[in-house]
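Good morning, colleagues. Please look at the sequence and the structure as I put them on the screen.

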Amino acid sequence: MHPILLAAAPAASSGRLVPAALAGIALIVVLITYFKVHPFLSLTLGALLVGGIAGLPMSDTIDAFGKGFGDTAAGVGALIALGAMFGKLLADSGGADQIVDTIVGRSRRAFLPWAMALVGALIGLPMFFEIGLVLLMPVIFLVARRSGLSLIAVGIPALAGLSAMHGLVPPHPGPLVAIDALKADLGLTLGFGVLVAIPTIALSGPVFARYAARWVDVMPPHLYIDQAEEEEKSAEDEILRHRPSFPITLATVLLPVVLMLGKAIADITLDEGDGVRTVLDNLGTPLIALLIAVVVGMFTFGLGAGMNRRSISASLTESLPPIAGILLIVAAGGGFKQTLIATGIGELVADWVKDSGFSVLFLAWLVAVLIRLATGSATVATVTAAGILAPLTGSLDSGETSLLVLAIGAGSLFFSHVNDAGFWLVKEYFGLGVGQTVKSWSLMETVVSVCGLVFVLLLSTVV
């Protein structure tokens, strides 16, 4: 198949639509980057400005925003909450430590960067990036010290695994929002996301780390090493005897992935109405798959690790407050998307893309890149780009729409810099200067983004 080109019906043009969309996006960027306003408020105000300049009555603008906000919250809110619960159980039970110790402990020195990339990917599958980073930092420090490898040589592969999963593979918030906005098939997107993520992690992690370690040669700070060893010893004293085994941990982590992929495969290979397909469709529905994973995790991670009912309840409860801000940002992004659709700007963009001959995949990636560079937020970049491109999916089939989601996800990771909280998190944890962080972390994110786009485009030739 040739690169995906958009064919859309001619749109009713208006001199007010493009300025409205640009003004709304510009307001969001300025509020977030200069005035440090929370993205939830920024997206809400941006949506109201778009409607006002485009000439929508205020009541219609509010209705459109409310519809998008509610639909998005209903579509992905429960999934994000269940994902957070699952990740917290994995961390509190010692299951995450079991994955790390098993994989890293069985790796020779030369293969440690590849092992760390695998650890980052597995930990990143059910966890948000920031949580995964905090969880892995003591391990990264200890592995670097004991192996004699540079902190960058060990850390960059782990970060690449975390970042690629965060941007490309549901049930992370960004991909889920794009899937909801573009009406993509989640199981198919998950399968394609894994196919794209594997080579992307390999190139941006272990391969890129060889060069980054030459440019930025640092060893773990002693303060963090001492802290990491204390944390490791404390963790061993408390949960080593009760950790869930590696096979059980891995099976539980992969359970929702297998269920959702099973649904996608059944939809492709089995006839509608087939009993097996009906069962797999029900089990592979994202809400059911993640709900099953959390319930199973309560037994394998909770009771299996010696946690009592009160500890399991506390773990589940503590997982929810940290994601409140993410849920509001995601829902407000849905409201902004719906406001753009209500103005008709999507039809105008569709007409321009059709006449330009650009691949819609490249356009989606580029839009996400520009918003990512301006706002520093991968989630804001994803939800905004998905909103702009949502009306462009009318002529795309299911596979092409899933690739569009991945193109947006790849673009949302491009070149993390000083306006991204993740940039400063990595800088401080690794004890780097700003320039060193740019030459390691920022460039790694760029490699993830570009490789993601390349592999999406390659996949589009056979889908």
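Is Thr437 buried or exposed? Thr437 is buried, with a relative accessible area of 0%; buried means under 20% relative accessible area, exposed over 50%, and partly exposed in between, with a 1.4 Å probe and protein chains only.

Before I continue, a word on the basis of these values. This is a predicted model, in which local features need pLDDT of at least 70 and side-chain atom pairs count only at pLDDT 80 or more, while totals for chains, interfaces and linings use all residues. Residues are numbered from 1 along each chain as its sequence is written, and side-chain values use heavy atoms, with hydrogens and water left out.

To return to Thr437, this residue lies in helix 21, residues 434-460 (helices are DSSP runs of H or I with at least four residues, numbered from the N terminus). Setting aside residues up to four places away in sequence, Thr437 touches Phe423, Lys427, Leu432 and Ser442 (contact means heavy atoms within 4.5 Å).

My second residue is Leu316, in helix 14, residues 309-318. Leu316 has 14% relative accessibility and therefore counts as buried. Beyond its neighbours within four places in sequence, Leu316 contacts Met85, Leu89, Val294 and Met298.

Finally, confidence. The protein chain averages a pLDDT of 84, and 90% of the residues score at least 70; pLDDT is the predictor's confidence in each residue, from 0 to 100. Over residues 1-13 pLDDT stays under 50, and the model has 35 contacts for them beyond four places in sequence. Residues 236-241 also have pLDDT below 50, with four contacts beyond near neighbours in sequence. Where pLDDT is low, the predicted coordinates should not be read in detail.

Terms used:
Helices (H or I, at least four residues) and strands (E, at least two) are DSSP runs, numbered from the N terminus.
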